[in-house]
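Please look over the two-chain model shown here, with attention to how its chains meet. The briefing takes up the interface and then some of the elements that form it.

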Amino acid sequence: MTGAGRMSKSIRITIKNDLSELVRVNETAVAFLAEHPLPPRAEYALHITLEEIITNTIKYGYEDDGAHDIDVQITADPDVVLVRFEDDGREFDPRGAPTPDIDKPIEERQIGGMGIHMVRTMSDGITYRRAHGRNILEVRISAGTS
Amino acid sequence: MELKIIEESEGLTHVALIGPLDIAGVQEIEIPFLSHTAKRNKPTIVDLSQVTYITSMGIRMLISTAKALSRVQAKMVLLKPQSFVEDTLKAAGLEHAFMVLHDGEEALKRVRGE
């Protein structure tokens, strides 16, 4: 679904909590970017954000094995891209997730734990709130420069 | 995601990854990639010049490979990553953990310990 308001363009997709759904998310993002191109840095950060946040939610967000919906909305304004994630998983504010020890030599590195750190580093702001039993996360990516 | 074998000799493994190194890409090539790199126990060059983006799953695969090679004292070089890919490696704190080089001849020398 695309919409417009004050020159913003957006698309929304609802997926199940299954990692295979990432293919559909990626295809949706690619189609959206074909129609609404972004500067290379913003496009790159968008791909990283989508995969890391959704993967984290699917892998660690649920206490049961049942099917859950995850809503993803991408809104592109002239200067910023806003990616909004909404899910009914356990409460998780990625802003408070521990920073991995990136100073350790590679032999001592724990594999994993990098995704949230990468999103925090590559984005330009994250907001989070818990409402009605749902996580609502917004990642802001500057689209003003390449 | 595509894995291209450039050289497999007694003294060197040289491969190239092509496309997005995301979860789908890793699922597609991880087994052959590890088979052609980590399991060969040779000095290894991984050409990243055609990797369009890399997520934590891709980084995880590269760390696993580097760790496996490190255990047999074999070096690994990441060659010619695009700027955003290199930025991602830096964001993950890996610019010093991996040898990241942009010159093929230099990569060959460094990986062989010359």
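The points below are grouped by topic, after a note on conventions.

This is a predicted model, in which local features need pLDDT of at least 70 and side-chain atom pairs count only at pLDDT 80 or more, while totals for chains, interfaces and linings use all residues. Residues are numbered from 1 along each chain as its sequence is written, chains are lettered from A and ligands numbered from 1 in the order in which they are written, and side-chain values use heavy atoms, with hydrogens and water left out.

**The interface between chains A and B**

- Contact, meaning heavy atoms within 4.5 Å, joins 24 residues of chain B to 24 residues of chain A.
- The two chains bury about 2100 Å² between them, 68% of it on carbon and sulfur atoms, where buried area is the accessible area (1.4 Å probe) lost on putting two parts together, summed over both.
- Within chain B, the residues that lose the most area to chain A are B:Tyr53, B:Lys67 and B:Phe84, which together account for 27% of what that side buries.
- There are 9 residue pairs in polar contact between the chains, both residues being at pLDDT 80 or more; a polar contact is a pair of N or O atoms within 3.5 Å, one able to donate a hydrogen and the other to accept it within protein, and residues adjacent in sequence count only if both atoms are side-chain atoms.
- On the side of chain B that touches chain A, two or more residues come from each of strand S3 (44–54), helix H2 (56–71) and helix H3 (83–91) of chain B, these elements being DSSP runs numbered from the N terminus (helices H or I, at least four residues; strands E, at least two).
- H2(B) gives the most to that side of chain B, with 9 residues.

**Helix H2 of chain B**

- H2(B) has 16 residues and reaches 22 Å from its first C-alpha to its last, close to the 22 Å expected at 1.5 Å a residue, the expected span being 1.5 Å times one less than the number of residues.
- Of the 16 residues of H2(B), 12 are buried, that is, under 20% relative accessible area (1.4 Å probe, protein chains only); among them are B:Met61, B:Leu62 and B:Lys67.
- B:Gln73, which follows H2(B), has a positive phi, near 60°.

**Helix H3 of chain A**

- H3(A), residues 115–122, is mostly covered, with 6 of its 8 residues buried, including A:His117 and A:Met118.
- The buried residues of H3(A) pack against helix H2 (40–60), strand S5 (126–131) and strand S6 (134–142) of chain A, together with S3, H2 and H3 of chain B.

Methods: Buried < 20%, exposed > 50% of the residue type's maximum accessible area, 1.4 Å probe, protein only.
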